[in-house]
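Please consult the sequence and the structure while reading.

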Amino acid sequence: MRKLATRTLEAIKYTPGSLLILDQLALPHETIFEPILNIQDGHAAIKTMKTRGAPAIAIVAALSLAVDVATRAAKHEFKTVPQAVEFLNSSLEYLKTSRPTAVNLFDAAHKLSVVIQDSAKKATSPSEVTDAYINAAEKMLVDDVQDNKNIGKHGAAFIVENCKNKEDIRVLTHCNTGSLATAGWGTALGIIRDLHKNGQLKHAYCTETRPYNQGSRLTAYELVYENIPATLICDSMASALLHQNPSVQAIVVGADRVAANGDTANKIGTYQLAITAKHHNILFIVAAPSTSIDLSTKSGKDIVIEQRPAEELVTITGLLEGKNIPATVRTAAHGVGVWNPSFDVTPSELISAIVTERGVAVKTPGKSEFDMKAFLQ
């Protein structure tokens with residue numbers, strides 16, 4: 001492990017054979033990069049949420065295997081093509097167990113599995129299979145950045161076109177969907193970045209996002225880093241904000257999984273934001289790469305919601321006031337029961353639009369659901 005003094009928005013540092021991930025549990029107080037040497041390291045980083053954000057989860061999983069298999073190939077561990085195929089496929093299955101809700105991980109694993117099988121059909125040596133896998137994993141890293149920039153462009157244009165007052169655009173976002181949650185730029189936060197870059201954003205608001213505080217620790221960090229005018233609020237302040245400040249014209253969030261009908265699983269607290277957006281008649285926009293759309297999941301009822309450890313809810317971690325000493329403090333009574341789902345599902349009827357790198361999906365007038373299959377085609 002090595003500690004870097006400089007602040008950064010680069011969450012993934014990769015060169016062939018080497019992967020470093022930014023420990024997001026240490027932010028915003030410390031900038032620590034940890035080496036990922038194998039799939040066990042990658043799995044642990046995702047499971048413990050040192051790496052988080054659906055796109056970043058998929059990329060770190062893919063690259064952890066790329067580093068692992070490169071090391072093994074250099075040692076000539078694979079004597080036959082079937083040996084290399086078996087290791088790669090079993091490793092992908094293992095990595096899929098790290099976070100069950102983020103569909104990007106499963107989508108990446110499926111695409112990489114196809115690469116493995118296709119290369120194996122014509123390979124005469126195991127190195128051809130491992131090289132094909134590594135090249136495909138590296139391409140995912142590059143593609144994610146470009147996809148995010150396209151999401152930012154499409155989403156910003158949609159807000160400007162559909163908001164009530166183009167001269168005073170203020171946007172609220174939830175959790176963290178920026179460079180730290182992706183390979184770079186971000187999804188929902190990427191839209192806010194584009195609005196700011198184009199001189200169209202008056203102000204951004206971010207929720208604290210309990211219980212893991214991704215908003216106060218990470219999104220606030222990114223907004224300050226980028227010099228975007230911003231205000232942090234508690235999760236429970238959102239409705240009051242919209243009531244007292246009608247110039248907030250959109251709520252923009254990310255997604256861990258979008259069902260075929262547009263129902264969206266995202267960080268817990270998203271559903272209640274959609275309800276208050278509907279009540280206050282403002283845009284509620286989901287921003288996600290098309291890899292977050294799962295056509296095999298018909299609706300939100302079919303989405304598995306991850307349950308997180310109780311300790312996340314009854315404790316809080318930060319720095320002791322006036323001292324640069326990390327500390328974890330218990331905030332709840334001992335013995336109280338805890339329900340701690342990591343995500344909730346927002347029904348499609350509450351969503352104004354779903355922004356992807358391919359463009360903006362909207363509902364047919366009079367319909368309460370999206371047709372994501374037709375959109376992707």
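A residue counts as buried when its relative accessible area is under 20%, and as exposed when that area is over 50%. Thr 209, with a relative accessible area of 0%, is therefore buried. The structure is a predicted model.

- Most residues other than glycine have a negative phi, and most peptide bonds are trans.
- Pro 211 is joined to Arg 210 by a cis peptide bond, with omega of about 5°.
- A cis peptide bond is also found between Leu 27 and Pro 28, where omega is about 5°.
- Pro 28 has its place in the loop between strand S3 (18–22) and strand S4 (31–35).
- His 76, which is not a glycine, has a positive phi of about 60°.
- The loop between H2 and H3 is the place of His 76.
- Is His 76 buried or exposed? With a relative accessible area of 57%, His 76 is exposed, whereas Thr 209 is buried at 0%.

**Thr 315**

- Strand S13 (residues 315–319) contains Thr 315.
- Thr 315 counts as buried because its relative accessibility is 15%, and the cut-off for buried is under 20%.
- The side chain of Thr 315 reaches the backbone oxygen of Glu 311 at 2.5 Å.
- Apart from neighbours within four places in sequence, Thr 315 is in contact with Arg 210, Thr 328, Val 329, Arg 330 and Thr 331.
- Arg 210, one of these contacts of Thr 315, is the residue joined to Pro 211 by the cis peptide bond.

- Ser 179 lies in the loop between strand S5 (170–173) and H6.
- Its relative accessible area is 8%, so Ser 179 is buried.
- The side chain of Ser 179 reaches the backbone nitrogen of Trp 185 at 3.0 Å.
- When neighbours within four places in sequence are set aside, the contacts of Ser 179 are Leu 9, Ala 11, Gly 184, Trp 185, Gly 186, Arg 193 and Glu 222.
- Among these contacts are Arg 193 and Glu 222, which also take part where H6 meets H7.
- Ser 179 is 40 residues from Thr 219 in sequence, and their C-alpha atoms are 9.4 Å apart in space.
- Helix H6 (residues 188–197) and helix H7 (residues 214–225) have axes that come within 12 Å and cross at roughly 20°.
- H6 and H7 are therefore roughly parallel to each other, since angles under 35 degrees count as such.
- The crossing in which H6 passes H7 is right-handed.
- On the H6 side, Leu 189, Ile 192 and Arg 193 meet Thr 219, Glu 222 and Leu 223 of H7.

**Helix packing around H5**

- Two packed helices are described by the angle between their axes and the distance between the axes.
- The axes of helix H3 (residues 81–95) and helix H5 (residues 126–162) come within 7 Å and cross at roughly 30°.
- This angle makes H3 roughly parallel to H5.
- H3 passes H5 in a right-handed crossing.
- Val 81, Ala 84, Val 85, Leu 88 and Leu 92 of H3 meet Pro 126, Val 129, Thr 130 and Tyr 133 of H5.
- Helix H2 (residues 54–74) also approaches H5, with axes that come within 9 Å and cross at roughly 150°.
- That angle makes H2 roughly antiparallel to H5.
- H2 passes H5 in a left-handed crossing.
- The H2 residues that make the contact include Ile 59, Leu 63, Ala 66 and Ala 70, and those of H5 include Ile 134, Ala 137 and Leu 141.
- Thr 130 and Tyr 133 of H5 are among the residues that meet H3, and they are also among those in contact with H2.

**A four-stranded sheet**

- An open sheet of four strands, with mixed pairing, has the order S12-S9-S10-S15.
- Strand S12 (293–294) and strand S15 (343–346) are the edge strands, each pairing on one side only.
- Strand S10 (residues 264–267) and S15 run antiparallel and are joined by four bridges.
- Asn 266 has Asp 344 as its bridge partner in S15.

Note on methods. Residues are numbered from 1 along each chain as its sequence is written. This is a predicted model: local features need pLDDT of at least 70, side-chain atom pairs count only at pLDDT 80 or more; totals for chains, interfaces and linings use all residues. Side-chain values use heavy atoms; hydrogens and water are left out. Two strands pair if DSSP finds at least two bridges between them. Helices (H or I, at least four residues) and strands (E, at least two) are DSSP runs, numbered from the N terminus. Buried means under 20% relative accessible area, exposed over 50%, partly exposed in between (1.4 Å probe, protein chains only). A polar contact is a pair of N or O atoms within 3.5 Å; within protein, one must be able to donate a hydrogen and the other to accept it, and residues adjacent in sequence count only if both atoms are side-chain atoms. Contact means heavy atoms within 4.5 Å. Axes are lines fitted to C-alpha atoms, for helices over the stretch in contact, and angles run from 0 to 180 degrees between N-to-C directions. Angles under 35 degrees count as roughly parallel, over 145 as roughly antiparallel, 65 to 115 as roughly perpendicular and the rest as oblique. A crossing is left-handed if the near helix is turned anticlockwise from the far one by less than a right angle, and right-handed if clockwise.
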